[in-house]
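Dear colleague,

I am handing over the structure below, and after it I set out what was found. Please read it alongside the notes that follow.

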Amino acid sequence: MTRVAVVILNYNGEKLLPRFLPSVIRYSPEAQIIVADNGSSDGSVRILRTNFPQVTILELGRNFGFCGGYNHALRQVKADYYVLLNSDVEVTDHWLTPLLSLLDNRREIAAVQPKILSYQQRNLFEYAGAGGGFLDSLGYPFCRGRVFDHVEQDLGQYDDERPVFWASGACMMVRSDKFHEHHGFDEDFFAHMEEIDLCWKLNRSGNTVYYCGKSTVYHLGAGTLGYNHPRKIYLNFRNGLSLIFKHLNSGELIYKLPFRMALDWLAALVYLFKGQGANFVSVLRAHTSFLGQTGRLVRKRRLIRRAYPSYPKTYIHGGLIIADYYLRKKKSFPLQ
């Protein structure tokens with residue numbers, strides 16, 4: 001049993017691995033480093049074997065997506081703690097030490113993320129995780145240091161350690177027993193928002209999700225899909241609806257789901273008026289796919305509510321992030 005395993009899911013990352021893997025090897029002496037290859041068709045595996053013999057390679061055989069890839073890989077990894085790390089993340093000296101300290105000393109913490117800054121603009125927070133994740137009352141995710149497309153400069157304002165609602169899948173340390181207890185990631189998500197779903201289940205079961213500003217990593221972001229790629233738009237809109245369908249209380253869901261879908265249609269029209277026809281179609285496809293999955297989602301919802309009937313709302317913002325951002329011009333945390 002390894003104490004900590006850093007597991008990087010790779011798909012056609014022959015350009016990313018030589019760029020980012022050396023920092024992981026250099027600054028993670030206490031960890032086993034594993035690259036799980038998700039059926040790459042490029043030279044990724046050859047590069048790993050030739051240039052990084054100290055790295056353990058798990059060949060999954062085909063592309064299971066982010067969720068399925070990690071689920072398949074982590075069933076084969078025996079460790080107390082998993083670090084799920086994107087292939088486009090540069091880590092820093094002693095980055096694991098404060099994360100390990102939190103999990104070693106506080107059993108109630110199930111998952112923790114470091115401060116995530118931009119690799120390209122290193123004084124700015126990065127979109128995917130920033131200073132820890134929260135939700136608004138409609139289930140829209142946002143972060144300290146990033147609200148919609150507005151990112152803050154890192155001035156030390158989030159150098160703290162504190163509970164958050166969700167930790168970023170770009171870099172998350174999670175207890176292996178908790179990951180498997182909740183059956184890992186929901187593979188119907190394929191990719192995007194799966195970490196929020198997992199963290200929501202962790203919150204429901206009485207565990208805590210944490211942010212640790214004493215550890216810093218730099219994330220390139222959009223290493224596989226660009227932020228405005230139609231495929232990413234599709235996954236985010238579909239999975240956002242699936243997320244709230246699974247977790248909101250019945251009294252909330254009956255009016256929040258239609259409201260959320262109406263806002264999606266408004267966003268689709270904005271895409272259309274901007275000439276982004278592919279993104280407009282992605283929203284329509286997302287709704288079609290969501291409606292087609294309702295049978296499975298009902299079963300998942302029942303299982304979750306049967307095991308954990310309620311969830312704490314301590315780190316859910318009571319307002320609407322859209323109204324805060326566009327009407328009240330509140331672009332940084334806290335939003336009150």
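Asp324 is buried, at 5% relative accessible area (buried means under 20%, exposed over 50% and partly exposed in between, with a 1.4 Å probe and protein chains only). This is a predicted model, in which local features need pLDDT of at least 70 and side-chain atom pairs count only at pLDDT 80 or more, while totals for chains, interfaces and linings use all residues. Residues are numbered from 1 along each chain as its sequence is written, and side-chain values use heavy atoms, with hydrogens and water left out.

Asp324 lies in helix 11, residues 321-326 (helices are DSSP runs of H or I with at least four residues, numbered from the N terminus). Leaving aside residues up to four places away in sequence, Asp324 touches His317, Lys329, Lys330 and Leu335, where contact means heavy atoms within 4.5 Å.

Turning to a pair of helices, the axes of helix 6 (residues 194-204) and helix 7 (residues 230-247) come within 10 Å and cross at roughly 15°; axes are lines fitted to C-alpha atoms over the stretch in contact, and angles run from 0 to 180 degrees between N-to-C directions. Helix 6 and helix 7 are therefore roughly parallel to each other, since angles under 35 degrees count as roughly parallel, over 145 as roughly antiparallel, 65 to 115 as roughly perpendicular and the rest as oblique. In their contact, Ile196, Asp197, Trp200, Lys201 and Arg204 of helix 6 meet Leu243, Lys246 and His247 of helix 7.

As for cysteines, the count comes to 0 disulfides, a disulfide being a pair of cysteine sulfur atoms within 2.5 Å. Cys143 is in no disulfide, and the nearest cysteine sulfur, that of Cys199, is 11 Å away.

Note on methods: Helix = DSSP H or I, 4+ residues; strand = E, 2+ residues; numbered from the N terminus.
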